[in-house]
Amino acid sequence: MSYETVIWEQSGGVGRLTLNRPETLNAWTGQFGEELKRVVEGEAAEDSVRAVLVTGAGRGFSSGADLKAGFEPAEDGMPNIRHELHEIYHPAIAGIRRLPKPVVAAVNGPAVGIGCSLALACDLVMAAESAFFGLAFVNIGLMPDGGSTALVPPAVGKARAFQMALLGERVPAPQALEWGLVNWVQPDDRLLAEAEALVAKLATGPTRSYASSKQALNAFLYRDLDAQLDLEAELQHALGRTKDFMEGVSAFVERREPAFSGA
């Protein structure tokens, strides 16, 4: 199957999923989310695929939601964020967690917003030295989604999880390694080679052992993932109807500081 916003390639037991909107640093749109979900639930789930690599085309991994493209409107004309999260984006994130095979993220640049969530949804994360992570949702009046409120706390603990969510600051790759967000940091020019070698090794390993380990760790770490994704979708949907969100998006597009009113 051919796609416009992602690239799927398979060589032997290795599947490679490349996010392919480089002109936007691989920002998410409805079409992007649909195609990502189809790959995760389709090609990546095939038994012939024993390990998966996820990376981004161009200079970034993923910059989060494409604010210039906007969201599909609900019947009242306001952004229907609940629909996009519940029906498109969150199934892709949950699908990666549930794939019975290892998934490795090669983070080659910014991983921000739901792009950060996608990277952290993978089982192992390898980052380029120049990469950075961030839950930048707060900068436009939103809250973390994409499962971040479930994925981040077990990795970094309560203090840093709140810091990431409430301040929306960049976490450079070396700091992400220290915090436990990533497993390895590689020189930029070595990232893909090292990630591909890791995925090739995993693809020749004991697949059923990997699947059982992943199932057990999911049960312990993310037992309530579905409920958390639903909660994120409901809270985010409400925030998408606030004046602060409208101001945040306007400020982002106009490249100025937002003036939030708390309304």
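How exposed is glutamate 234 in relative accessible area? Glutamate 234 is partly exposed, at 40%. Keep in mind that this is a predicted model.

Let me start with the partner of that residue. Glutamate 234 makes a salt bridge with arginine 82. The closest N and O atoms sit 3.0 Å apart. Arginine 82 belongs to helix H2, residues 81-98, while glutamate 234 belongs to helix H9, residues 225-239. So the pair ties together parts that are 152 residues apart in sequence. And arginine 82 itself? Its relative accessibility is 33%, which counts as partly exposed.

How many salt bridges does the structure hold? Ten. As background, side chains of opposite charge can pair when their charged atoms come close.

Next pair. Aspartate 123 forms a salt bridge with lysine 214. Here the closest N and O atoms are 2.9 Å apart. Aspartate 123 lies in the loop between helix H3 (114-121) and strand E6 (124-128). Lysine 214 is in helix H8, residues 207-221. This pair therefore ties together parts that are 91 residues apart in sequence.

Buried or exposed: what is lysine 214? Buried, with a relative accessible area of 7%. That value counts as buried because the cut-off is under 20%. Aspartate 123, at 27%, is partly exposed.

Which residues are in it? Arg97, Asp123 and Lys214, joined by salt bridges that share partners.

One more bridge. Arginine 256 and glutamate 254 meet through their side chains, at 2.6 Å from N to O. Arginine 256 is partly exposed, with a relative accessible area of 34%.

Now the sheet. What is the strand order? It runs E5-E7-E8, in an open sheet of three strands with mixed pairing. In general, strands of a sheet pair through backbone hydrogen bonds, either parallel or antiparallel. The edge strands are E5 (110-112) and E8 (171-172), and each of them pairs on one side only.

Look at E5 against E7, residues 132-134. These two strands pair in the parallel sense, over three bridges. Which residue of E7 is the bridge partner of valine 112? Glycine 134.

Finally, helix H3 packs on this sheet. H3 touches both E5 and E7. The direction of H3 makes about 100° with that of E5.

To recap, ten salt bridges, one network of Arg97, Asp123 and Lys214, and an open sheet of three strands with H3 packed on it.

Technical notes
Residues are numbered from 1 along each chain as its sequence is written. This is a predicted model: local features need pLDDT of at least 70, side-chain atom pairs count only at pLDDT 80 or more; totals for chains, interfaces and linings use all residues. Side-chain values use heavy atoms; hydrogens and water are left out. A salt bridge is a side-chain nitrogen of Lys or Arg within 4 Å of a carboxyl oxygen of Asp or Glu. Helices (H or I, at least four residues) and strands (E, at least two) are DSSP runs, numbered from the N terminus. Buried means under 20% relative accessible area, exposed over 50%, partly exposed in between (1.4 Å probe, protein chains only). Two strands pair if DSSP finds at least two bridges between them. Contact means heavy atoms within 4.5 Å. Axes are lines fitted to C-alpha atoms, for helices over the stretch in contact, and angles run from 0 to 180 degrees between N-to-C directions.
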